[in-house]
Structure formats: C-alpha cells, structure tokens
Amino acid sequence: MSISKSSLNYWVIYSSKLGQKEGTEHEKVLFFYPQTIGIGEQTNAVGISEAYVLFSKQFSPEQPCEIIHTQKSTLSLYNPEEDIWMVLSVNNPAIGTAGKDGKGREYIEDEINDIALKKCVQQIYQVWNTFNGGINSMISKGSTYEMVRKRLDSFIKPYLQQIQFDQLDLFSSLDGIKFLPVNKNIYLTIFNYINSVDLNFQNSLASFRFGIVLYKDHLILSSLEQNETRTLYNYLVNMVKVGQDPSSSQTMMVLNNSNNEPTWYTKGQRRTGFINMPDSNSKQHLPLVWLTDDKPQVMIIYEQKDTFLLFLIDPSDLPQLEFDELAQSLVQNFEFVNPTLESHYNKRAIFDEQYKYIYFNQMNLAIKSPIKPRGPDLNKETMKLLNEIHEEFENGSSSEIIVKTQHDRWIVAKKIDFREFYIMFDNKNSSILEINEEVKNATNKFFKFLFID
Amino acid sequence: MDENNIENKNIENKNVIDEDNSKIEKNNIDDNSIESNNNNNDSNSNDNNEEDEINNNIINSSNSIEDISNYLLKIDESSGRPPRKYSEQDSSNPEWFEHKKHFFILSSSGKPIYSRYGDEVALNTFMASLSAMSSFVESQNDTLRHLVAGKYQFVFLCKYPLNLVCISSTGEPNQVIRQQLEYIHSLIISVLTQSNMKAVFEAKYDLRDLLGGTDKYLDHLIHQLNKDFSILLNSIQCLRLNNNVRNQITNILSQYKCDSLLFSLLISDNKLISQVKHKKTTSLKSQDIHLLMNYVSSTASFKESESWIPICLPNYNDTYFLHLYICFLYPGVCLLLFSNQPESFYQLSDCKNQIIKGLEQENIAEELKKAVNNHDYTTSITEIPNLLHFLYKNKTNNYSTFPTFSPPYSIHKKEKKRLFRLYQHITTHVNSNIIANKPHKYYYHTSQTETIMVATSNNHELYATFSPLETKKSIFESFSNLLLWIKNQENSLFIQ
C-alpha cells in the first residue's frame, strides 16, 4: 500500500483590495506557489477563499473562516494585515493510489491539526514580517505591488520549500523556547558582560543594544519582549540551526543581497565571528529586522564556540560601529564562560534519559523535552493525540488527561495554570494507578530539577 | 386537506376512520393504494399520509414521475400545517443568525428543502450560497467537510442528490455533527428511498413537494439528536426488564407471525423491549431503529389506532419500501411489525391480536406496564459512592444503558447539556484513533467540574463520571465496582 504524506497543495497571498473589477480578479494575487498552477486556478483559489470569508462573516463577523477541511485537503486562512490574506492548503495524507475512477485512494482527513496548521501560517508571515516589514507599510512607503510581488517571490518561496508539512506536531503548536538552566553565578556573570558591552558601545552609539544570547539551541538571556524573543529564537534555532552540525541539516540565513533586499543564504561552516556578515567590510549585507515597532533595526549575530549573541542597532548608527572592537570584547568574556555553559548543557541529560516528556510554560514560553521533533518517539498516533490534548487544554475544557492507546502507550497530560506537562510510558501491563505513581515520581524529580538546579 | 381533490386514478384513498373506537373499516383496496389510519383532526398526519401515497405510487407505477407530477398539481397548497417556531425569520433578520444550531437540507442543485429555523423558501439566496461553496469544491473532484470560523462550525454532508449543512456554535465536535447529519439524511431516505429521490431529482421535480410534512419529524429528530445518549453511542437503549419476562415476550413475538412478516419489534418510547427477526435477512441497524422510534414518538395519531405506513429502512435496503404496522398495545408500549407486502395489513393486525392474547394469557402485560414505569434509574441504585453518572455500551450487540440525571446535573438544564456536550467530546476523543481504527483502551479526563474515566474492550465501552475531588484510587475502585454491577444486571439491562 503506498502512503502519501501530507504535503503542500498551494499557498497564496492576496490583497482583497486589488482586482475589484470583473475580469481583473487575477490582480489580487500577490504570490502563488507552486507557480506551475495556471492563473485561472490561482484566481479560483482566491475567489473561494473570499467566498468562505464573506459567508462566515454573516455568523462570525469578528472571526471569519480560519480553517476549511475537505476530503483531500486542509486549508488555513490568515488575515495578518488589512486586506492582506494568506491561504495555506495542505494535501491530506492518503493511502493507496487512485484508479481511473478516482476510487481506491483513502484520505486520512483528521491528521492535520487545526492549531498546528494555523501556527504554521502565522510563522510564515512572521518570518516575512521580521525581515521585510508589513506588506501594507511597504506599499505606503512607495513600493509598487509589482515590487512587493517580486520580493514575496524571492523571499517566501525558499522558506516555503523547506517546511515539512507532515510534521506539524505539538512542538510547532507550542512554539516554545528552550532555556538553559544556569546557576546564579554564571547567570550574573553573563548579565554583567553583556551590560558592560552595552554600556561601552552605547556611549558613542545610542541605538546599539543587546538582544539575546543562546548556548547552542538554548536561550540564556534576552532583553527583548517575549514575542520578539520567540521570533528571533525560532529563526536562529529552526532556520539558521545554531548549535547543530551544519553538515547534517540544511541551514538558511537571511542576508541582504547587492540590491539591499533580504535573501536566503546557507550558513557556512562553524566559525567564530559575525556569522551574518561575510567579512568586516560587508556591513551592507547585515539584514534589517522589524520587531514590535515599525522601525527596522540592523541585526548582528556573533558566534563564539556555540554561544550566539544577537545585537541590534539603528541603520544610521551602523557605519560608526567598530566590529573588531565588539568582537574583541566578546571573545574575552565568553572564552571564560563557555566551558561552564557546556557542562550545564550536558547536565540536562540525566533526567531526560529516564523520561519521555514535554513541559511547556505559557508564561515565559519555556519548553523542555528530550523528545526530538520528527523523532521515533513521535509516531503519527502519538503526534495526533498530543495535538488533540493540547487543543482540549487550549479550550480550557480539561486539566488532566490520561490515555492508554491500542499500542499500550500511556500518555499522561496535565495543565496547571499556565503549565502543560506531557509524559509518555510504554509499560504495557501497568494499571492506571501504577502509572499515576510513576507520574508522581517523575514530576517530583522533574520540578526539583527545574527549580533547584 | 381534502382528499377528494386527488384525482389521480392510481390513487384511491380508502381510509375511513371510526373515531369512536379507532377501528379500521375495510374498504376496497386496489393494488396501488395504501391503507392508512388517520386521526382526522391531525392535519400533519394527513400531509404525511398524502406523501406516503406518493411514495407508494412511485414504487408501483412504471411511469411514476408522470403520475407524481399530475398528483402534485392537485395538492391543495392552502392546506397549511400549523406554523413552526421562528418560521417568520429568514437571513434578512439579525435574530435568525443568533440561533445556536441551524440545519439545512438542499438539493444538489441548490434548491431549498428544509431549514430548522425560518422558512426555507425565504432562505433561497442563503441556501444558494451554501450550495455554491460545496459545488465549487465538488468541481475540483473534492468534497467539502467543514469550516471553522471563531466559535462557529459549518459542517457539510454531501450525499447526492442532497446536501445537508449544519451551522453551529454549540462547540460540538464536527464528527458528532456529521453523525447527526447522517441521521437526518437517513430520515429523508426513509420517507422517499434513495432510488426514488434520485429519480425525482433527475426528472427535475422539486423534492420539497414530496417531503411536505416531514418537517415535524426532522424537527423532532434534531431535538432528539441533541440529547440522546444511545444515539451518541451508536447503540440502542433497552427497557429494563426481568429476563424471564423478556424471554416470554420474545417467544410470543416469534410465535405469532405471518408469511410476509420480516421483523417484530416491541418498543417503549425510545427504548427497545424485544426484537425478533423472522427471516434469514440482515438485522436491523441501530440507526434504523432510532428512525422508527422517532416516527412513533413524533406522531400523536399512532397512539390512537392501528397504522400502516410504507417506510424505507436506509441501512436495511435503501432502494425500496417496507410496510410497517404500528400499534400501541398499552400506553407506552408500541408494537412494530414489518412486512414486505403492501397488502398484509390484516394479517399483521391479526398477529397483533394474537400477541396481545399471548401477553395476557401469560400475565405478562402487567409486568410489562410496571417495567415501563420503573425503567428510569439513578446512579444510587448501583450503591457506588460518588458516582455522578455513567454510559455503558455493550459492543457485541450495540445495546446501551445509562441512568437518568441526578444532582448536580438534574438541577439545571444547562448542566445536563454541559455533561452531554462533554460526553460528545470524550466519545470523539476515545474513538479518534486514525491508524488502528480502534478506540483507546483507557481515557481519563479531569476538569474543574468532573472526572470522567473511560475503559474500552472488545466487548464494551464504559464512561463513568465522578466528582473532580475524588482520588484516582477511589475512582479506579468505583469504576471496577460499576463494571461488576453492570455485569450482574446484564440480564435485565439488555436483551440477551
């Protein structure tokens, strides 16, 4: 039996303001992928999405249609800016091949999770918005729609192509940040270093400021707002793939090209220095980022042996920034703390070897889990179940769920205030009471580890 | 309705009712006519009767479409049914959009057939837009399932030549709403048969005309779907009855039969007392039995006299009608006899008389009447402390049992509904396994208001509700005790 996984059907960005006249509807399309699909079908996709929105607004004017399920696909609609709509259509997974009559192929219609799919669309927009600013603000600053179309094409396409649509799991829904637990001394030491660097440079360049610091894929410290941190963390960990062996996975990093447009490049081999600036004479390649305010800032990322530091500076101050001096002060400080961070990082593993769990704290977005996304512990059944339980928690309809599946896997999930805790056991013969004891033991150990360490 | 208006020569209406003693007077019946017993005061059942005749006509006549059209022309449009609730509303009223749960039936070409709220004709444009959405998806060789917009869900069920849509803000899982639409679809089939429906639709006749009077069955069914645990579990609830008494009843039902008799059922409200299959044929599915119960409980006139209606059982065979004899033996006890012959009314009526005689001879009638009054039980009967409610389904025969609501649920209607909705979610989650297509073995849910524990095996599903303050240990114990209690009571809870 051939099984086809969920995959991208199409992705469209359109402006409902354009192409209002009959016969000009195709002008609404700002970006469509895959481009092999003809303009007629592109216009149809926009048309039906507008119809869904218009129709659902009659009942739900504040929140029009967000999700559409058909036999063969699942769609998510997102309206991030006035008049700007994004539609992601994902093919449902299917078993078997369709005969001439179209039968013989069975679609698995409820595998794609609504929350995870919505999150996926939001993230695509977020990445676009971070490096390009809003579409409407581009237009209001004088870009033509033609320019926007071109920019969308060059920026969104490569990003879209690397998304694995069959892996929209709980990790993508939670979109959390892994924190590195460090002891007070180390924390204060790092805090001091960063403060002194900040102060040192702010004397001459007022707009210079520290953003976040990571050790491998774990966050140590951030001076940004939570959502800004989440966006940049997500970019560094999931796209640039900091802290991972660059040869094992494909990396993607935004740099400005010679036309001053943000463009995707692959990150080169591991090195020490400013990773998004090929050499010290290429300041113009540093990308701009749009965070909460509408004022873009230049993003500088420095790598020092698995420690990653991110700084922001106003574009007008950039020419005066002495990169050599910055690098020097960073090397000095972090050469000293790096070994300690490394030992902290490795210490994590003790609890993690014993249990398969996911811990998430909505308040600080902290996520902890030894389970690798896309790993063998997350088979389809578990992935779906976790997604469903998370949905129940989001609805506020449950605070604890315990499931024993047909395959004798126990999944225990609890929600306490803003925290979600999921733990899995493969003890076939345990009773629900024994599992409950196991969970008690595990949570005791876990929270000791979480707070005391 | 003045039945004399009908001039179609294939139809001769022969129902004369003696209102005083509700007996049927025999009249000359020709091949095409059906015998029906009506309460003349009930205009609804007259409508129904009229459509039954059409149905019968469709089966028996070779050029049936022609006949129907003649027939339809003669229908006296002015014979109005009593106005339905909210019938004055349509999509131009803001209040119309406020209803929590809309149901629509339209033909595949977009013609309105039914709307739960408002007049379906006035909703013409609205229905056309519903139809446009699903037909657009169909034009891409795909099928629209459901949309989500905020707290609203729009669930579509496309079954040629019908489209059924539910628009709901009740927060029910879409799978449950889909099941409800399936039920509504079967009800339509049971009135028309799938083959007739296709034929009529393809001949471009308005299906609505053939379904006049079905509204009240639909309204009633929708209401029932919103609160019936046995439907939620895809099962049938049995009347609690002493095993010996039930066996005697079953024996009597199997004993008194005639050649054309396929099934004998004895029901009480929406509970099954006994069923007997007389021929080597497939058994009745729970969905069909629920449709029958819906017919019986939504037609007041059935209580008055013997009735004879053609009915299609969609899960038995959706291409033809069976003929159903309906008679209340005692208050709350209704006998249903199915025949494949349109003219076996009198044989079946004889069967009924013998059955009554049998019941009286063995002194079962009293026991039965008592059981009807004593069916309802609360969790206290189980003597399990802190048990608030439960649902049990025996999966080998699809029978289910559950107590009536007790405090805290019995106090407010809202709480009953909340528990019902919660069970809807939990049954959906328990059965959501995509790969093995089997339910999870255990499911345990805790919220601020209750804890529900579920265990499933090849033979049963048990959902038990406790206070959220109970420890897992005591819930686990109570749960095992409850299973034991049900095992011990199986003889009276279920038909064996």
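This is a predicted model: local features need pLDDT of at least 70, side-chain atom pairs count only at pLDDT 80 or more; totals for chains, interfaces and linings use all residues.
Student: Where is B:Asn386 found, and what is its phi?

Tutor: B:Asn386 is in the loop between helix 12 (364-374) and strand 14 (387-394) of chain B. Helices (H or I, at least four residues) and strands (E, at least two) are DSSP runs, numbered from the N terminus. The phi of B:Asn386 is near 70°, a positive value in a residue other than glycine. Most residues other than glycine have a negative phi.

Student: Which residue of chain A has a phi near 70°?

Tutor: A:Asp306 has a phi near 70°. A:Asp306 sits in the loop between strand 15 (297-304) and strand 16 (307-313) of chain A, and it counts as partly exposed because it has 18 C-beta neighbours inside 10 Å.

Student: Changing topic, where is there a cis peptide bond in chain A?

Tutor: The peptide bond from A:Tyr33 to A:Pro34 is cis, with omega near 0°. A:Pro34 lies in the loop between strand 3 (29-33) and helix 1 of chain A.

Student: And which residues does a cis peptide bond join in chain B?

Tutor: In chain B, a cis peptide bond joins B:Pro407 and B:Pro408, with omega about 5°. B:Pro408 is in the loop between strand 15 (399-401) and helix 13 (413-430) of chain B.

Student: Back to helix 1 of chain A: how many residues has it, and what is its reach?

Tutor: Helix 1 (residues 39-57) of chain A has 19 residues and reaches 27 Å from its first C-alpha to its last, close to the 27 Å expected at 1.5 Å a residue. The expected span is 1.5 Å times one less than the number of residues. Among the buried residues of helix 1 of chain A are A:Gln42, A:Val46, A:Tyr52 and A:Phe55.

Student: How do helix 2 and helix 4 of chain A cross?

Tutor: The axes of helix 2 (residues 114-132) and helix 4 (residues 145-161) of chain A come within 11 Å and cross at roughly 135°. Axes are lines fitted to C-alpha atoms, for helices over the stretch in contact, and angles run from 0 to 180 degrees between N-to-C directions. Helix 2 and helix 4 of chain A are therefore oblique to each other; angles under 35 degrees count as roughly parallel, over 145 as roughly antiparallel, 65 to 115 as roughly perpendicular and the rest as oblique.

Student: Which residues make the contact?

Tutor: The contact (C-beta atoms, placed from the backbone, within 7 Å) includes A:Ile124 and A:Trp128 of helix 2 of chain A and A:Phe155 and A:Tyr159 of helix 4 of chain A.

Student: Finally, how many helices and strands has chain B?

Tutor: Chain B has 14 helices and 18 strands, and buried residues make up 45% of its 496 residues.

Key. Residues are numbered from 1 along each chain as its sequence is written. Chains are lettered from A and ligands numbered from 1 in the order in which they are written. A residue is buried if 20 or more other C-beta atoms lie within 10 Å of its own, exposed if 12 or fewer, and partly exposed in between; C-beta atoms are placed from the backbone. Two residues are in contact if their C-beta atoms, placed from the backbone, lie within 7 Å.
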